[in-house]
Amino acid sequence: MMRVFLAIPLPETVRDQLSIVAQMLPVPRRVPPENLHLTLTFLGDASARDLEALHSALEGVQVPSFPIALRGLDVFGRDKPKSVHATIAPQPALTRLAGKVETAARRAGIEVAARKFVPHVTLARFRPAEVDVPRLERAIIDLAGVSAGPFDVTGFTLYQSHLGDGPPVYEVLAEYELRS
């Protein structure tokens with residue numbers, strides 16, 4: 001079994017900008033720049049057979065390329081934050097793409113957790129007890145004007161996540177170009 005997810009890779013310039021922003025956050029662990037991405041859907045554990053069926057289904061996804069931009073910061077875990085992320089300016093084409101890849105995964109027989117798509121790029125993860133919440137809130141307010149992009153989304157990627165000591169390592173398993 002492989003732990004996999006579908007995501008939009010970010011241009012190097014955007015990753016560099018977000019990495020600088022992450023360094024300004026009073027948090028213990030930041031996502032390494034090479035791991036920054038916009039998750040479309042997390043698939044969890046999948047077999048090689050599941051991935052073959054998924055590959056066929058994803059090749060049928062038809063969405064024209066579109067621009068996205070990152071605007072501002074937010075947290076998951078309101079009262080007890082557990083991560084900080086860059087938010088994505090509203091883009092209906094992005095939501096459509098996320099829906100289509102999730103549908104393709106379900107058609108391939110992969111069970112996808114039912115959760116609302118909240119487009120974001122995670123910058124840091126931590127345990128709530130590891131951060132000074134008022135200090136983190138002030139930093140997010142100070143960095144409210146952060147932006148990156150726009151940049152064109154021309155495809156998405158199937159990644160395998162290798163967990164171990166330290167940050168995960170993401171391996172590209174397949175890349176898919178957007179087309180109408």
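Rings of Phe, Tyr and Trp (its six-membered ring) pair if their centres lie within 6.5 Å, and planes under 30 degrees apart count as stacked. With that in hand, here's a walk through this predicted model, starting with its rings.

## Aromatic rings

By this rule the count comes to four aromatic pairs. Ring pairs tie Phe5, Tyr159 and Tyr170 together into a cluster. A pair of aromatic rings is described by the distance of the centres and the angle of the planes, and the table gives both for two of the pairs.

| Ring pair | Centre distance | Plane angle | Class |
|---|---|---|---|
| Phe5 and Tyr159 | 5.2 Å | 20° | stacked |
| Phe156 and Tyr176 | 5.1 Å | 20° | stacked |

Take Phe5 and Tyr159: with planes at 20°, the pair is stacked, because the cut-off for that label is under 30 degrees. This pair links distant parts of the chain, with Phe5 in strand β1 (residues 2–9) and Tyr159 in strand β7 (residues 155–162), 154 residues apart. Phe5 and Tyr159 are also bridge partners, from β1 to β7. Both residues are buried.

The rings of Phe156 and Tyr176 have planes at 20°, so this pair is stacked too. Here the link runs from Phe156 in β7 to Tyr176 in strand β8 (residues 169–177), 20 residues apart. Phe156 and Tyr176 are buried as well.

## The strands around β1 and β7

How do β1 and its partners run? β1 is antiparallel to strand β2 (residues 37–46), with eight bridges joining the two. Within that pairing, Val4 sits opposite Gly44 of β2. β1 also runs antiparallel to β7, this time with four bridges, and Leu6 stands opposite Leu158 there.

β7 is mostly covered, with seven of its eight residues buried. β7 also pairs with β8, in the antiparallel sense and over eight bridges. β7 and β8 form a hairpin with six residues between them, and Gly166 in the turn has a positive phi of about 85°.

## The four-stranded sheet

There is also an open sheet of four strands, in the order β5-β4-β3-β6, with antiparallel pairing. Which strands sit at the edges? They are β5 (120–125) and β6 (147–153), each of which pairs on one side only. From one strand to the next, the twist averages 30°.

Strand β4 (residues 83–88) pairs with β5 over five bridges, and His85 has Thr122 of β5 as its bridge partner.

Helix α1 (residues 12–23) lies across β3 (66–76), β4, β5 and β6, and runs at about 155° to β6. The helix has 12 residues and reaches 17 Å from its first C-alpha to its last, close to the 16 Å expected at 1.5 Å a residue.

Which residues of α1 are buried? They are Val14, Leu18, Ser19, Val21 and Ala22. Seen down the axis of α1, the buried residues fall within an arc of 160°, so they line one face of the helix. These buried residues pack against β3, β4, β5 and β6. On the other side of α1, Glu12, Thr13, Ile20 and Gln23 are exposed.

## Leu36, a buried loop residue

Leu36 is worth a stop on the way out of α1. Its place is in the loop between α1 and β2. Is Leu36 buried or exposed? Its relative accessible area is 4%, so Leu36 is buried, as the cut-off is under 20%.

What does Leu36 touch? Leaving out residues up to four places away in sequence, Leu36 touches Leu10, Arg15, Leu18, Ser19, Val31, Val121, Thr122 and Leu123. Among them, Leu18 and Ser19 belong to the buried set of α1, and Thr122 is the β5 residue that bridges to His85. The C-alpha atoms of Leu36 and Asp16 are separated by 9.6 Å, with the two residues 20 apart along the chain.

Definitions and conventions:
Residues are numbered from 1 along each chain as its sequence is written. This is a predicted model: local features need pLDDT of at least 70, side-chain atom pairs count only at pLDDT 80 or more; totals for chains, interfaces and linings use all residues. Side-chain values use heavy atoms; hydrogens and water are left out. Two strands pair if DSSP finds at least two bridges between them. Axes are lines fitted to C-alpha atoms, for helices over the stretch in contact, and angles run from 0 to 180 degrees between N-to-C directions. Contact means heavy atoms within 4.5 Å. The expected span of a helix is 1.5 Å times one less than its number of residues. Buried means under 20% relative accessible area, exposed over 50%, partly exposed in between (1.4 Å probe, protein chains only). The arc is that of the directions from the helix axis to the C-beta atoms. Rings of Phe, Tyr and Trp (its six-membered ring) pair if their centres lie within 6.5 Å; planes under 30 degrees apart count as stacked, over 60 as edge-to-face and the rest as tilted.
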